[in-house]
Amino acid sequence: MKLLVLPGDGIGPEIVFSAVAVLDAVGRRHGLYFSYTKEEIGLAALEKSGSTLPDGILEKARSMDGTILGPISHLSYPPRDKGGINVSAAFRKGLDLFANIRPARTRDGVLHRGTEMDLVIMRENTEGMYPDRNMFAGTGEFMPTEDVAISMRKVTAQAIERIARVSFDLARVRRRKVTAVHKANAFVLTDGLFLREVRKVAAAYPDVVLEEVLVDAMAALLVRDASRYDVICTTNFYGDTLSDLASELSGSLGLAGSLNAGNHHAAAQAQHGSAPDIAGMDKANPTSMILSTAMLLRWHGERSGDTRYVQSAATIEAVIDRIISEVSTCTGDLGGPLGTRQFTQNVVDALC
Ligand code: ATP
Ligand code: MG
């Protein structure tokens with residue numbers, strides 16, 4: 001499997017190194033070979049080439065089987081005309097990675113804040129409230145006067161149809177329930193269109209239950225009893241917010257894998273950010289990045305029909321579950337004594 005590896009900002013180089021070490025170990029176990037092309041993005045690239053996303057990176061990604069995308073700190077980027085391109089948005093939009101798949105599940109031995117849960121948030125990734133992803137790219141948010149700011153949101157039938165379809169497909173191999181999260185009482189047209197399209201797709205899946213919940217109620221219901229949910233299908237911004245809530249309730253944002261998937265490419269990307277406060281200190285928990293990479297393997301295995309990739313993903317997940325169930329083998333964020341490197345070595349040893 002040919003992978004583009006982009007270490008990114010902050011703790012990115014440390015956790016991406018961990019993910020690559022884990023891939024090599026699982027590859028030896030299941031007879032798979034991974035080849036890596038490493039490129040700089042983010043602040044490191046800005047210094048050298050004047051852009052956080054140097055020319056040719058997206059083209060390179062297209063020629064690979066997948067990308068390991070390190071965290072990027074676009075909040076500390078300069079404006080776009082000074083080279084500060086939001087790499088994450090460029091990948092999602094440029095490679096049409098329309099589904100952001102974000103699982104959240106509780107685990108034995110790992111302290112969680114809410115009820116037990118095993119759910120997946122399926123977040124539409126290419127449009128919505130994000131100004132760089134609507135039809136007025138770059139101007140989707142503007143200030144007609146100094147004291148007034150206006151934002152626009154794009155929802156299309158085509159984008160909702162495909163996110164709904166992957167949600168129902170996933171629910172079919174899980175617990176056969178899709179919860180569509182919306183706010184159609186207030187956003188009558190945009191969320192109204194979302195619901196119309198989800199219902200249309202639901203009609204083709206009579207074996208899957210469709211439930212509709214308002215986004216504000218959903219936040220409360222996740223806290224009250226997240227065990228009721230299986231696949232949550234929603235638009236970009238709601239999914240962004242609810243997935244942080246769900247993964248933190250399930251234990252920690254640092255444990256949550258995330259995959260940006262399209263029809264032709266996918267990028268593994270941790271749910272958390274670049275954590276500049278602990279960068280280079282051997283403190284980062286690489287679990288989110290490792291589990292995101294496992295999701296990339298499963299995605300590749302399901303598409304290519306090579307079950308060794310799916311088995312590799314399952315092996316990584318089982319080893320991580322076992323290791324993080326003991327506080328003594330966890331990193332500091334989970335109350336454990338280990339640094340990034342030792343934690344990674346333990347995962348690698350368990351895979352060999
Ligand atoms: P960014 O602008 O890249 O999002 P941020 O300042 O918002 O950066 P986050 O990465 O979102 O930082 O992290 C928020 C907090 O969680 C920080 O205190 C950070 O140290 C911690 N954190 C995030 N990821 C991890 C991780 N993988 N391991 C340990 N701590 C983490
Ligand atoms: Mg952040």
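Colleague: Is strand S1, residues 2-6, enclosed or open?

Modeller: Largely enclosed by the rest of the structure, because four of its five residues are buried. Keep in mind that this is a predicted model.

Colleague: Which strands does S1 pair with?

Modeller: Start with the general idea. In a regular strand, side chains alternate between the two faces of the sheet. Now the case here. S1 runs parallel to strand S2 (residues 35-38), and four bridges join them. Within that pairing, Leu-3 has Tyr-36 of S2 as its bridge partner. S1 is also parallel to strand S3 (residues 66-69), again through four bridges. There, Leu-6 stands opposite Leu-69.

Colleague: What unit do S1, helix H1 and S2 make?

Modeller: A right-handed β-α-β unit. Helix H1 covers residues 12-30.

Colleague: How should I read a helix such as H5, and which of its residues are buried?

Modeller: An α-helix has 3.6 residues a turn, so residues three or four places apart point the same way. H5 spans residues 157-172. Its 16 residues reach 22 Å from first C-alpha to last, close to the 22 Å expected at 1.5 Å a residue. The buried ones are Ala-159, Ile-160, Arg-162, Ile-163, Ala-164, Ser-167, Phe-168 and Ala-171.

Colleague: What covers the buried residues of H5?

Modeller: The cover includes strands S4 (99-105), S5 (118-124), S8 (177-182) and S10 (231-234), along with helix H6 (190-202).

Colleague: How many residues surround ligand 1?

Modeller: The count is 17, and the closest are His-272, Gly-273, Ser-274, Ala-275 and Asn-285. By type, the shell has seven nonpolar, eight polar and two charged residues.

Technical notes. Residues numbered from 1 in each chain as written. Chains lettered and ligands numbered in written order. Predicted model: local features only at pLDDT ≥ 70, side-chain atom pairs only at ≥ 80, totals over all residues. Near = placed C-beta within 6 Å. Nonpolar A, V, L, I, M, F, W, Y, C, P; charged D, E, K, R; others polar. Buried ≥ 20, exposed ≤ 12 C-beta atoms within 10 Å, placed from the backbone. Helix = DSSP H or I, 4+ residues; strand = E, 2+ residues; numbered from the N terminus. Pairing = 2+ DSSP bridges. Right-handed = clockwise from strand over helix to strand, strands pointing away. Expected span 1.5 Å × (residues − 1). Contact = placed C-beta atoms within 7 Å.
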